[in-house]
Amino acid sequence: MYYIDPHLHMVSRTTDDYETLARMGCVAISEPAFWAGYDRGTVDGFRDYFHQLTDVEPKRAAQFGIKHFTWLCINAKEAENVSLSREVLAMIPEFLDCDNVLGIGEIGLNKNTPNEATVFQEHVQLAVDHHQQILIHTPHLADKYQGTRMILDMLGDHSGIDRSRVLVDHVEEHTVKAVLDAGFWAGMTLYPVTKCTPARAVDIIEMVGAERLCVNSAGDWGPSKPTAVPDLVMEMRRRGHAESLIKKIVYDNPREFFSQSKKFELRNPADRVGFDT
Amino acid sequence: MDSKQILDREFLEIRSRILDVASSLDRIQRADSDVSNDPRMQKLTEALQIVLTDDPHRAEKIQMLFSRQYDEHWKDQFSLPSTN
């Protein structure tokens with residue numbers, strides 16, 4: 001089955017992974033800017049990273065017929081440094097016209113601190129000012145519920161937000177309903193230990209339905225599996241779900257969400273010739 | 001799938017996961033030092049008690065057990081600038 005992985009950090013993955021993804025049916029990836037595993041010290045470090053996201057990765061993906069999209073920001077972890085964050089925020093517009101930039105992300109909270117909240121709000125304002133979609137990271141583990149509620153509070157305070165153009169990612173059993181009920185899109189991340197397993201993600205689909213819900217691997221430099229979305233496809237098939245429902249989750253939904261950006265162009269896989277995306 | 005089909009499919013997997021939990025607790029108990037007063041052990045015990053209920057939202061309840069509390073007045077302590 002053709003699918004889109006809406007959250008995958010390919011800067012941390014090998015070219016072999018691109019080939020494996022293509023073999024498994026992946027036709028498009030969206031790659032949010034994230035924490036590289038260490039705190040970068042200067043705005044030029046981020047400029048180089050954004051160059052990688054907007055120029056290098058699309059070319060690497062294209063070798064295997066995968067369309068590469070991206071989102072720009074300074075992530076929540078490095079947002080603790082407010083002065084550096086403001087330098088990065090001021091630099092981001094240099095890249096917003098790049099062909100593969102879908103919006104601002106993955107912004108959010110990490111430890112739910114005042115500095116993180118300040119920088120989150122400034123990112124949201126940047127997105128609104130530039131009519132960009134927003135992709136949001138919610139915190140890990142014990143901080144997730146509190147942080148998700150705080151993020152929803154801040155989004156709710158902003159009158160300029162179009163909720164249909166915002167995806168709140170990494171939802172789990174205790175946060176998915178609040179996100180969907182507030183009118184946002186939601187993403188489930190398939191991680192071996194710290195987020196959803198494919199089985200639990202399918203449970204959530206069965207409980208809350210498939211509207212405005214996406215799944216992703218969030219594959220990165222840590223314990224993660226870039227081919228986790230096909231694992232979810234297999235789990236849904238094992239449970240007897242219709243192919244149309246599976247396709248809605250792994251292809252139609254991300255396509256619908258991304259299509260709100262004028263930058264999102266993806267040839268129908270059935271009409272493709274070779275690697276022409 | 002009906003309940004019987006799910007149980008048929010998942011019985012051995014559930015059995016294996018319960019054994020993993022049991023053996024992890026045995027391993028902790030066999031090791032030197034005592035963690036019985038560690039709050040994480042308390043959380044694990046509470047989580048297992050939730051598993052044994054017939055609440056239809058056990059997973060969500062366990063997620064909440066392992067979550068920090070949300071205070072709806074959190075903004076009062078943050079001094080955030082107002083938004084549009």
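This report walks through the sheet, a few local details, and the pockets and cavity of a predicted model.

## Ground rules

The model is predicted, so local features need pLDDT of at least 70 and side-chain atom pairs count only at pLDDT 80 or more, while totals for chains, interfaces and linings use all residues. Residues are numbered from 1 along each chain as its sequence is written, chains are lettered from A and ligands numbered from 1 in the order in which they are written, and side-chain values use heavy atoms, with hydrogens and water left out.

## The sheet in chain A

Let's start with the sheet. Chain A has an open sheet of eight strands, paired in parallel and ordered β1-β2-β3-β4-β5-β6-β7-β8. Because β1 (3–5) and β8 (213–216) sit at the edges with a single partner strand each, one side of each has no neighbour in the sheet. From one strand to the next, the twist averages 25 degrees. As for terms, helices (H or I, at least four residues) and strands (E, at least two) are DSSP runs numbered from the N terminus, and two strands pair if DSSP finds at least two bridges between them.

Helix α2 (residues 43–62) of chain A lies across β2 (26–32), β3 and β4, at about 170 degrees to β3(A). Axes for such angles are lines fitted to C-alpha atoms, for helices over the stretch in contact (heavy atoms within 4.5 Å), and the angles run from 0 to 180 degrees between N-to-C directions.

## A covered strand

How many residues of β5 (residues 133–137) of chain A are buried? Five of its five residues are, with buried meaning under 20% relative accessible area, exposed over 50% and partly exposed in between (1.4 Å probe, protein chains only). In a regular strand the side chains alternate between the two faces of the sheet. In β5(A), A:Gln133, A:Leu135 and A:His137 point one way, while A:Ile134 and A:Ile136 point the other way.

Most residues other than glycine have a negative phi, and most peptide bonds are trans. The bond joining A:Gly105 and A:Glu106 is cis, with omega about -5 degrees, and A:Glu106 belongs to strand β4 of chain A. A:Asn112 has a positive phi, near 65 degrees; this residue sits in the loop between β4 and α4 (114–129) of chain A and is buried at 7% relative accessible area. A:Arg212, with phi near 55 degrees, lies in the loop between α7 and β8 of chain A and counts as partly exposed at 27% relative accessibility.

Over in helix α5 (residues 144–157) of chain A we find A:Thr148, which is buried at 2% relative accessibility. Setting aside neighbours within four places in sequence, A:Thr148 is in contact with A:Thr138, A:Pro139, A:Thr175 and A:Val179.

## Pockets and a cavity

Grid points are joined across faces, edges and corners, and a volume is the space filled by probe spheres set on the points.

The largest pocket holds about 2500 Å³. Its lining has 50 residues, with A:Arg200, B:Arg17, B:Val51, B:Ala59 and B:Ile62 nearest the centre. Elements giving two or more residues to this lining are α6 (176–181), α7 (198–208) and α8 (228–238) of chain A, plus α1 (3–30), α2 (39–51) and α3 (58–65) of chain B. The largest share, 11 residues, comes from α1(B). The second largest pocket has about 580 Å³, and of its 25 lining residues A:Trp35, A:His137, A:His140, A:Asp220 and A:Trp221 are closest to the centre.

The whole structure has one cavity of 30 Å³ or more. The lining of the largest cavity is A:Pro6, A:Leu135, A:Leu167, A:Asp169, A:Gly187, A:Cys214, A:Asn216 and A:Phe258.

Methods. 1 Å grid on protein atoms, 1.4 Å probe; cavity = no way out; pocket = protein on both sides within 12 Å on 5 of 7 lines; lining within 4 Å.
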